[in-house]
Amino acid sequence: MKFTTKRSIEALIFLVIFFLFFGCLAWKMTLPHMLNTFMQTAYHLLMETVFYLMAICVLMGAISKLFTEFGVVRLLENILRPLMKPLYNLPGVAALGAVMTFLSDNPAIITLSKDPNFSQYFKKYQLVSLTNFGTAFGMGLVVLAFMTGLGFGGGALVGILGAVVGSIISTRLMQRFTLKSYPELDVPVCEGEAGDEQQISFKTEGSTFLRFLNSMLDGGKDGVGIGLAIIPGVLCISTIVMMLTFGPGAEGYTGAAYEGVPVITWACGKINFVFDWLFGFKAPQLVGFPMTALGAVGAALGLVPRFIQEGIIDGNAVAVFTAMGMCWSGYLSTHTAMLDSMGYRKLISKAILAHTIAGLCAGVAAHWLYVLFGLIF
């Protein structure tokens, strides 16, 4: 009976919030126009943004698989390996996790963490912090390719530096929070001392041509999976964010795509001096990107073309978008599942807190790095 009552109350509260939210939009826009705008915005996002993003995911998936098959990932790992201990307090093999998540998405780090050949070099608190470490680089190649394709390559590269700053802060904070609450995790994952760090092989069998062809096709297929995975976020989250960011058209509400009631713009405009100083945002609408990136970076990317049409985006905004998009990359929706799969559900709140702080720091770092490079060059 208690369960039924609780569920009934929950359903009632949800219905009140649901009808209040859409009722307010309908009151301002009229119900027919609101419904038409809702559908038209989702349709335009699907046709103009999602398929473009999917094409990028397929191409970048193929490239990342080729990089893995022909040793580029191994080369990058060897270059980055000496930085792992001083920057992240992680063993050198962790560099592989950064490269793999940058080339694909957050869950790649979980696949590695469950490999005994990989995890044996970590202490338990270090292994847990891989959730924050890997998430900070998630979908980095897709974000970089997307921004570069829109003509903002310079800003995107600066944003990657900001994401690195965020990754260091997130990983270190997570390790600190974990050891403070659970000092017993300061022990090796495997009993005894691990030997020299070994390299994990990704090379497959067959001739060079077959390896090239299979890697390209398999990577493209993986890219299709990522492209499909971003569709719900772009169509659902981005549509709502846009309807709360942009106002009516020149002729008022007509039911066209991208109309709405600019609640987010109004609210952020009241304190835009804060976002201007921290991130260099000149328009309050730009706050919609990091807000959306909390749930899914793919959905956040769906906002960028509209920002370009509105003429409110510049290289600095792209740098901040790239840094916060990579660092956060939907961590609110992935941290819980990632830590649960690793068997450390009790640390979810600490991981989310550390990553929230780190994402904000990544955006601030990207902004001021962009300002610094602008003064130098």
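A charge is taken to sit over a ring if NZ of Lys or CZ of Arg is within 6 Å of the ring centre and within 35 degrees of the ring normal. The model is predicted, with local features requiring pLDDT of at least 70 and side-chain atom pairs pLDDT 80 or more, while totals for chains, interfaces and linings use all residues. Residues are numbered from 1 along each chain as its sequence is written, and side-chain values use heavy atoms, leaving out hydrogens and water.

**View 1. Charged side chains over aromatic rings.** Arg306 lies over the face of Phe246, 5.3 Å from the ring centre. Lys346 is placed over the face of Tyr182, at 4.4 Å from the ring centre.

**View 2. The Tyr52 and Phe146 pair.** The structure holds 16 aromatic pairs (rings of Phe, Tyr and Trp, the last by its six-membered ring, with centres within 6.5 Å; planes under 30 degrees apart are stacked, over 60 edge-to-face and the rest tilted). Tyr52 and Phe146 form a tilted pair, at 5.7 Å centre to centre and 55° between the planes. Tyr52 belongs to helix H2 (residues 31-69) and Phe146 to helix H8 (residues 140-149), so the pair ties together parts 94 residues apart in sequence. Helices are DSSP runs of H or I, at least four residues, numbered from the N terminus. Tyr52 is partly exposed, at 34% relative accessible area, whereas Phe146 is buried, at 0% (buried, under 20%; exposed, over 50%; partly exposed, in between; 1.4 Å probe, protein chains only).

**View 3. The Phe289 and Phe321 pair.** Phe289 and Phe321 are stacked, with 4.2 Å centre to centre and 10° between the planes. Phe289 is buried, with a relative accessible area of 0%, and Phe321 is buried at 1%.

Methods: Helices (H or I, at least four residues) and strands (E, at least two) are DSSP runs, numbered from the N terminus.
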